[in-house]
There are 2 protein chains.
Amino acid sequence: MDDQAIPLDAETKAVEMPEDHREELRLWLRLLTCTTLIEGEVRSRLRERFDVTLPRFDLMAQLDKAPDGMTLSDLSKRMMVSNGNLTGLVERLVASGHILRTASLTDRRATVISLTESGRGEFRTMAAEHELWIADLFGDLTEKDRSDLMRLLGKTKLSARRAIQGEGQ
Amino acid sequence: MDDQAIPLDAETKAVEMPEDHREELRLWLRLLTCTTLIEGEVRSRLRERFDVTLPRFDLMAQLDKAPDGMTLSDLSKRMMVSNGNLTGLVERLVASGHILRTASLTDRRATVISLTESGRGEFRTMAAEHELWIADLFGDLTEKDRSDLMRLLGKTKLSARRAIQGEGQ
DNA sequence: GATAATTGCTTTAAGCTTAAAATAACTTGG
DNA sequence: CCAAGTTATTTTAAGCTTAAAGCAATTATC
């Protein structure tokens, strides 16, 4: 920690100098800005157009991909939200008739959640329009931009997972 | 909606066929996943390490960049959150001694928010460590990856803004 | 088969977030 | 000046979100 009087050569500097990571920070902030911007717009359009919240839409989107339903734990992992969060969300969606709870046949702790007929219908209608919004929001990117971005985000995802997994050691 | 018997050539198809935009949708979901993943990790480290929430940290980060303080409206725009949201957040940060409210000299409606001495000190300590976390989370990306990603996200940001601005017409 | 550890879910308390409505202060155009 | 419109902020109601604690059911281990 105490700086020696002896001057450091470039190589030593590269190793010893505390690098600044402002570039990564700016990258993170831009990533966050993009997401917040798009998410906010989608949220507001879902509300205006269908009077539905984003979390509700997200939950239904997961269920639409699982014709036989999913347990709360599966949903929790897929949606990356806490278990307790889902309890309330599911409650409200059951109350509004969009989803159904059934006791699991194989595990008496678990409940299986699935879309009702009308829930699925409503979701599909919203999803079709939602897809167009997304296409428009990303509309100025070329095909190549999109595939490059996809690849780089894939790499980012892996990097983050590595950093997160690695910490517990 | 009724399909004609006459087969469409490729060009006509490209124009008339309702394109599917699953690619853009997957891109959006991946963007969201990356952000959620990183944001969740940062949130949890801030809590464990400094017992502070992400919104509090974000607010202080804005203030640290504005030595003379900012009004609530400025903060609201920068942080992309609602005005009402800030009222409560600011209240709690004042209560904990991190920030200060002063009446604006030029506008009696407005209040100027700024960091206290200790608030700034605490923030800088957290920010230094936070920067290392981010560097680590993005650590598997090369210099080129990062600059490519930065550029593509910049393009995405502009595209989204265009789509959002354009809607009001 | 009994004990221990894990898993699935709910509850709780606290805080975050939004949209919408309300209040107060400022600005602008006659 | 003054009415009309805008801007800065707060309040409200509803819902979202998390972490942590707790309970019940399952799985693993001996």
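I began with the buried residues of H2(A): A:Glu24, A:Leu27, A:Trp28, A:Leu31, A:Cys34, A:Thr35, A:Ile38 and A:Leu46. Buried means that 20 or more other C-beta atoms, placed from the backbone, lie within 10 Å of the residue's own. Helices are DSSP runs of H or I, at least four residues, numbered from the N terminus. An α-helix has 3.6 residues a turn, so residues three or four places apart point the same way.

I noted that this is a predicted model, where local features need pLDDT of at least 70 and side-chain atom pairs count only at 80 or more, while totals for chains, interfaces and linings use all residues. Residues are numbered from 1 along each chain as its sequence is written, and chains are lettered from A and ligands numbered from 1 in the order written.

I checked the span of H2(A). Its 29 residues reach 41 Å from first C-alpha to last, close to the 42 Å expected at 1.5 Å a residue (1.5 Å times one less than the number of residues). A:Asp51 follows H2(A), with a positive phi near 50°.

Next I looked at the two chains. I found 45 residues of chain A in contact with 45 of chain B (C-beta atoms, placed from the backbone, within 7 Å). On chain A, H2 (22-50), H6 (117-137) and H7 (143-167) each supply at least two residues of that side. H7(A) gives the largest share, 17 residues.

Last came DNA strand C. I found 26 residues around it, with A:Leu72, A:Gly84, A:Ala110, B:Gly84 and B:Arg108 the closest (C-beta atom, placed from the backbone, within 6 Å of the strand). H5(B) supplies the largest share of this surface, 5 residues.

Notes:
Two residues are in contact if their C-beta atoms, placed from the backbone, lie within 7 Å. A residue is buried if 20 or more other C-beta atoms lie within 10 Å of its own, exposed if 12 or fewer, and partly exposed in between; C-beta atoms are placed from the backbone.
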